[in-house]
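Reader: I have the fold open in my viewer and would like to talk through a few spots. Could we take them one at a time?

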Amino acid sequence: MSFQPTPSDIAVTITTPSTAPTTDEPRLLSERRITPSWTVLQTKGKLETMTGIPPSSQRLLLKTPGRPDQWLDADDTIIGDWGLMKGSELVVHDTRPQAARVNFSDLSAVEKYVLPTETYESLPNSVLAWKKNQKLGRFDPSALPPVEAMLEQAQRDAKEVEKREITVSKRAIILPSSPPHIRRGTVRFVGPAPTIPFAGVDAETVDPSGPLPIWVGIELDEPTGKNDGSVGGKRYFTCPNKTGVFVKPEKVQVGDFPPLGLDDELDEDMEEI
């Protein structure tokens, strides 16, 4: 019996059809060394770890330079007998219905791990542990209880609103602002916003008739905000989405701030030239 040398592995490009709606071009996955003595079924098993497609749902299309494309539909045949060579490409088609395919790019259905509160509080190298050691925030022995701190904040907010003459319909900018990054808009709301939480205070236990921290709701000229005038499920004013923002009174400066127009943009461009 004569000696039969082991066939050398062949580097093959592995692709799958693109799922992008705007193109039919294959999506490049990787390069894989294929042993020509493998059966088609063995090759499919090797490709499962690359494509995520079970062998029973794979249909392989072999593209070889200078030869017609071939569907490798006989699982028990030797893949080398199909003319596999350097420069060949294996296109792995998924025969499963679209609904049965796993979308690895969609993380919404992936179960997230949430660290239990008691475990986090026991960690020696966490931010919470650092705050404890530095006696910061609620760990400061001289800090006011949350409810008292909220009442004190409400008093400071009221003084700021009065000092800055913040009222509804006035034009305003949000501080800090420096050209060309100036967020400006119109004041649409001034008052308590119970749905915006205050650190350490349970919103359900707060007396809505008592003094509460004050927020300034602004409709911005440009869509650089965070909401449409509602927050926490309650609407305080109405504006297009992404143009509404709530800020503290000390971050607001009212005055003659006209909306930015095309002429302003052209002037800024000319100045930069």
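**A walk through selected residues**

Reader: How far does the backbone oxygen of Met-85 lie from a polar atom of the side chain of Ser-88?
Author: Let's start with those two atoms: the backbone oxygen of Met-85 and a polar atom in the side chain of Ser-88. The distance between them is 2.8 Å.

Reader: What kind of model is this?
Author: Residues are numbered from 1 along each chain as its sequence is written, and side-chain values use heavy atoms, leaving out hydrogens and water. Local features need pLDDT of at least 70, side-chain atom pairs count only at pLDDT 80 or more, and totals for chains, interfaces and linings use all residues, since this is a predicted model.

Reader: Which side chain makes a polar contact with the side chain of Ser-88?
Author: Ser-88 sits in the loop between strand E4 (70-71) and strand E5 (89-94); helices (H or I, at least four residues) and strands (E, at least two) are DSSP runs, numbered from the N terminus. A polar contact is a pair of N or O atoms within 3.5 Å; within protein, one must be able to donate a hydrogen and the other to accept it, and residues adjacent in sequence count only if both atoms are side-chain atoms. At 3.4 Å, the partner is Thr-64.

Reader: Is Ser-88 buried or exposed?
Author: Buried means under 20% relative accessible area, exposed over 50%, and partly exposed in between (1.4 Å probe, protein chains only). The relative accessibility of Ser-88 is 1%, so Ser-88 counts as buried.

Reader: Within what arc do the buried residues of H1 fall?
Author: Helix H1 covers residues 40-51, and its buried residues are Val-40, Thr-43, Lys-44, Leu-47 and Thr-51. The arc is that of the directions from the helix axis to the C-beta atoms. Seen down the axis, these residues line one face of H1, because they fall within an arc of 100 degrees.

Reader: How many aromatic pairs are there?
Author: Rings of Phe, Tyr and Trp (its six-membered ring) pair if their centres lie within 6.5 Å; planes under 30 degrees apart count as stacked, over 60 as edge-to-face and the rest as tilted. By this rule the count is four.

Reader: What is the geometry of the pair Phe-189 and Phe-246?
Author: Phe-189 in strand E7 (residues 184-192) and Phe-246 in strand E11 (residues 244-247) are 57 residues apart. The relative accessible area is 13% for Phe-189, so Phe-189 is buried, and 11% for Phe-246, so Phe-246 is buried. Their ring centres are 6.2 Å apart and their planes are at 70 degrees, so the pair is edge-to-face.

Conventions: Expected span 1.5 Å × (residues − 1).
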